[in-house]
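Hi there,

Here is the structure I promised to pass on. Please have a look at it first, and then read my notes below.

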Amino acid sequence: MHEPGISSRELMAENETLRARMAYLLEQAERNHEIMCRHQAFDLQIVGASSFPDLVGTIFSTLPVISDLDIVTLSLIDQNADIYTVMHRLGVDFETLPNLMFCEHAVELGFDMAPERQPRPTLGPYAPGRHRAMFPQPPADLRSVALVPLLRNKRLIGSLNLGSVDASRFTPALGTDFVEHMGSIIAICLENVISNEMLKYIGLTDSLTGAYNRRYMDRRLAEEIARARRQGYRLSCMYIDIDHFKRVNDTVGHQGGDDVLREVCTRIKAELRMSDTLCRFGGEEFVVLLIDADLENASIVANRIRTSVAGLPVDLSTGEQVAVTVSIGVAALTDFERDHAIEGVAQELIASADAALYQAKAAGRNQVVTAA
Ligand SMILES: Nc1nc2c(ncn2[C@@H]2O[C@H](COP(=O)(O)OP(=O)(O)OP(=O)(O)O)[C@@H](O)[C@H]2O)c(=O)[nH]1
């Protein structure tokens, strides 16, 4: 049965065309299914990311592969550099994340920020002048880009920047549903992981001075002792106590006392290396862990701290000034025996710095004593 006037040859040709079209559509459907599966696996991977570097690292390493992109970068809005500071203090090495950028204000991302309107993805040709901030190290032949706003509760938190050497990959005419979906999942994951890292940080730091707290020091000391044993480097510890702090509080009030704690902390930090760890151990006591420093090096640093604190009175927020001094006990790790329990060795190190501090107090304060 066929329409009159259509030959069987024509029908066969039509049949062939239809078959070819079907095969093409099937192939397309299979490809789309494969892409969808890869993206679902990616979504699961980023939802399960346990830390900020884990999440950002996965975005940079996996997204270009599964989406066939030539570059992926991320710009995060970080007013006051809070995110950067916390991540840095938690040990994130930004040198390993060159495609991660921070900016202070939303306008720097270049989206249409008209009130009452949500910023939308912008797709189109790569323009070096306009896109330099999003692609500081672009591939030589970058041709088209998609800048995807990362939104949480209608608030712009950053931009996911995708780039391709294929000029037709991102054009203004292209639909944006797919990249918007990707952007919203990445935004949720980023917000979660940043909040978790912030909580972690708050749990490990002292809110008054910004120094680490005792919990952090206990953990860090155990790690450093293990590393010092493995790699055979020196480890020293300082126990610092502000002299007659009760009298300071009695004279200038609790608020003034807090100002003193903050300023002493700043002056201690100024004398330390990046690798050293300062923590507020309790009220007016600080402990510093010095990596790769022997007793002699550590006591030189301790004397610099003592001089810096005693050298200039502290300016209080009330406009008053108060003179303070510190006493410091210094001790070095001497027990490198691998079979001794780390907790015991850590306690011993702190206890011997504390004993040296006690001697410094007994000898008249404002001095440094090194453990025998
Ligand atoms: N302002 C302020 N004071 C604190 C804080 N934590 C502890 N203190 C005070 O620190 C003082 C510590 O006093 P003491 O332990 O007697 O020691 P000290 O007066 O420094 O005497 P020496 O250590 O022997 O030189 C107490 O008055 C505490 O109330 C704090 O967070 N802020």
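What follows covers a helix pair and then a sheet with the helices on it.

A word on conventions: this is a predicted model, in which local features need pLDDT of at least 70, side-chain atom pairs count only at pLDDT 80 or more, and totals for chains, interfaces and linings use all residues. Residues are numbered from 1 along each chain as its sequence is written.

Let's begin with the helix pair. Helices α1 (residues 8-47) and α2 (residues 52-66) have axes that come within 10 Å and cross at roughly 175°. (Helices are DSSP runs of H or I of at least four residues, and strands are runs of E of at least two, numbered from the N terminus; axes are lines fitted to C-alpha atoms, for helices over the stretch in contact, with angles from 0 to 180 degrees between N-to-C directions.) The two are therefore roughly antiparallel, a label for angles over 145 degrees. On α1 the contact involves R38, H39, F42, Q45 and I46, and on α2 it involves L55, T58, I59, T62, L63 and I66; contact requires C-beta atoms, placed from the backbone, within 7 Å.

Now the sheet: 5 strands form an open, mixed sheet in the order β7-β8-β6-β11-β12. Its edge strands are β7 (277-282) and β12 (368-370). The twist averages 20° from one strand to the next. Strands β6 (residues 235-242) and β11 (residues 326-332) pair in the antiparallel sense over 7 bridges, where pairing takes at least two DSSP bridges. D241 is opposite S327 in β11.

Helix α7 (residues 245-270) lies across β6, β7, β8 and β11, at about 155° to β6.

Best wishes

Notes: Parallel < 35°, antiparallel > 145°, perpendicular 65-115°, else oblique. Contact = placed C-beta atoms within 7 Å.
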